[in-house]
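Please look over the sequence and the model shown here. Then read on with both in view.

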Amino acid sequence: MHKRLNRREFLAAGAGVTASALFASPARANAGDRIRCGILGAGSRGTYLMQLAMNVKDADFVAVCDIAKGRVRNAQAIVAKARGNTPDGYGEKGPQDYRRMLERKDLHAVLIATPIDLHAPMSIDALRAGKAVLSEVAAATTMDDCHGLVRAVEETRGFYMMAENVCYSRDCMMILNMVQQGVFGEGLTYAACGYVHDCRFLLFKPDGTLTWRGERMCRAVTGNRYPTHAIGPVAQWLGINKTDRFVSLVSMSSRSFGAREYATRKFGKDSPQAKIEFAGGDSNTTLIRTARGVVIDLRYDIASPRPVRSTTYMSLQGEKASYEGLTGEIWIDGRTGKDEWEPVAKYAKEYDHPYWQKWGREAEQTGHGGADFFVIREFFDALRAGKPSPIDVYDAVAWSCIIPLSAESVRKGSAPVEIPDFRKGERRDRATS
Ligand SMILES: NC(=O)c1ccc[n+]([C@@H]2O[C@H](COP(=O)([O-])OP(=O)(O)OC[C@H]3O[C@@H](n4cnc5c(N)ncnc54)[C@H](O)[C@@H]3O)[C@@H](O)[C@H]2O)c1
């Protein structure tokens with residue numbers, strides 16, 4: 001297996017630049033064409049998404065890229081067993097070898113599921129090579145990458161979707177439906193959400209070295225390192241990038257404790273692992289303000305010991321209703337008793353989202369409570385029909401920029417940091433066209 005480069009080394013080695021060799025006209029699939037896909041990063045998530053996508057009748061997997069040979073072989077074997085063809089393998093020439101895969105003229109789409117810092121540079125290269133992109137979360141981890149991704153989509157007019165699955169979970173879609181039908185009233189004021197569950201078991205490989213997730217945890221002051229699962233559904237409820245937008249945030253991180261405690265317990269107090277500085281801080285809270293005056297309380301903690309209740313949680317306050325996702329309860333003015341909460345499930349028949357009414361039984365067979373089913377379905381449906389991306393680049397970067405901007409706020413002693421409107425370029429184009 002090739003040495004995995006960190007983001008700086010990766011970019012220095014030539015990835016993520018606007019390479020003219022990669023600038024090609026989009027390899028669009030025409031109506032009736034089969035959609036020829038490649039997978040970039042055939043780890044646990046990439047392989048899983050690929051398996052789900054193999055249920056899409058007109059999608060073929062013709063290429064697999066991973067710097068770990070065994071993972072390429074594994075993915076090839078999965079496709080061969082399910083579909084009878086063996087996709088071509090890439091990655092054996094190192095971290096940039098994916099570009100050889102992107103040079104293929106017959107490839108329409110790539111599913112990107114590499115370590116998080118590589119999503120944006122790889123997505124940009126794929127878009128500039130004319131491929132449609134389904135990228136795992138987050139879309140980007142730096143502001144340069146957020147802007148670069150927007151530029152790549154605008155300049156190529158390519159198709160880009162971020163694979164944020166929690167937005168498609170049954171409860172999140174039901175609340176979205178309720179908001180759109182006015183159950184919460186006109187005025188939404190507050191939302192709380194978080195990605196809070198103990199993921200320390202993902203920090204070390206079996207040989208005791210750090211995984212890419214572990215390495216991220218060692219970096220100096222950081223804020224919320226994984227915001228999209230929690231903020232995505234809330235942003236959709238609030239109409240972010242439609243009727244409202246994020247304008248600023250402040251962020252605060254706790255001291256770091258959990259990762260070292262885990263390393264000490266797992267490897268012994270005199271082990272090298274027990275001496276690792278996990279500088280990132282265990283618990284981060286970021287407060288986001290929107291242009292219409294909504295406050296969002298976004299939390300992130302993957303290093304504190306606690307039993308898993310739910311990997312994500314969300315709540316929403318409107319003028320006529322209040323939803324508490326952690327307990328699965330809702331209060332609706334005029335329908336629920338004054339001092340009562342009701343199980344939100346009680347309203348499923350009335351407000352289940354049309355997607356779930358139609359596809360629920362099929363979706364429930366797939367991961368993350370059925371949400372993954374919709375990500376794959378939405379991506380291929382939109383691509384095939386030439387429809388707008390269901391989670392487009394503007395949503396992707398609005399949700400992902402919380403990573404660098406929360407870190408900036410933490411570094412500045414929790415100072416307010418402005419959140420840019422990434423759609424400005426698009427608006428300017430529209431205004432002048
Ligand atoms: N949406 C979700 O619910 C969800 C769940 C799990 C993971 N994820 C995301 O999916 C991504 C992958 O996670 P994972 O758990 O599969 O990680 P993983 O470590 O199992 O897989 C990543 C793969 O990328 C490969 N890789 C690294 N650098 C590469 C390069 N330059 N070229 C080609 N291949 C390269 C690695 O060898 C590895 O096989 C992460 O960004 C993670 O955040 C999302």
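**Confidence.** This is a predicted model, in which local features need pLDDT of at least 70, side-chain atom pairs count only at pLDDT 80 or more, and totals for chains, interfaces and linings use all residues. Residues are numbered from 1 along each chain as its sequence is written, and side-chain values use heavy atoms, with hydrogens and water left out. The score pLDDT is the predictor's confidence in each residue, from 0 to 100. The protein chain has a mean pLDDT of 91. In that chain, 90% of the residues reach 70 or more. Residues 16-23 stay under 50. The model gives them 16 contacts beyond four places in sequence, where contact means heavy atoms within 4.5 Å. The stretch 426-433 is also below 50 in pLDDT. It has 3 contacts beyond near neighbours in sequence. Where pLDDT is low, predicted coordinates should not be read in detail.

**The ligand.** Around the ligand are 26 residues; a residue counts as near if one of its heavy atoms lies within 4 Å. Arg45, Asp66, Arg71, His119 and Asn165 come nearest. This shell holds 12 nonpolar, 8 polar and 6 charged residues. Here Ala, Val, Leu, Ile, Met, Phe, Trp, Tyr, Cys and Pro are nonpolar, Asp, Glu, Lys and Arg are charged, and the others, Gly among them, are polar. Helices H2 (44-53), H5 (119-128) and H8 (212-218) each supply at least two shell residues. Helices (H or I, at least four residues) and strands (E, at least two) are DSSP runs, numbered from the N terminus.

| Residue | Atom in the residue | Distance to a ligand oxygen atom |
|---|---|---|
| Asp66 | polar side-chain atom | 2.6 Å |
| Thr114 | backbone N or O atom | 3.2 Å |
| Trp212 | side-chain N or O atom | 2.9 Å |

On its own, the ligand has 840 Å² of accessible area, and the protein covers 91% of it. Such areas come from the Shrake-Rupley method with a 1.4 Å probe.

**The sheet.** In which order do the 9 strands of the open sheet stand? The order is E14-E13-E12-E11-E7-E10-E9-E8-E15, with mixed pairing. Two strands pair if DSSP finds at least two bridges between them. Strands E14 (342-343) and E15 (417-418) stand at the edges with a single partner strand each, so one side of each has no neighbour in the sheet.

Now take some pairs. Strands E9 (residues 283-290) and E10 (residues 295-301) run antiparallel, joined by 7 bridges. Thr285 stands opposite Arg299 in E10. E11 (residues 312-318) and E12 (residues 321-324) are also antiparallel, with 3 bridges. Ser315 has Glu324 in E12 as its bridge partner. A hairpin of 2 residues joins E11 to E12. E12 then pairs antiparallel with E13 (residues 329-332) through 4 bridges. Ala321 faces Ile332 in E13. Between E12 and E13 lies a hairpin turn of 4 residues, where Gly328 has a positive phi of about 65°.

Most residues other than glycine have a negative phi, and most peptide bonds are trans. The bond from Val137 to Ala138 is cis, with omega near -10°. Ala138 sits in the loop between strand E5 (132-135) and helix H6 (143-156). Arg157 has a positive phi, near 55°. Its place is the loop between H6 and strand E6 (160-162).

Methods. A polar contact is a pair of N or O atoms within 3.5 Å; within protein, one must be able to donate a hydrogen and the other to accept it, and residues adjacent in sequence count only if both atoms are side-chain atoms.
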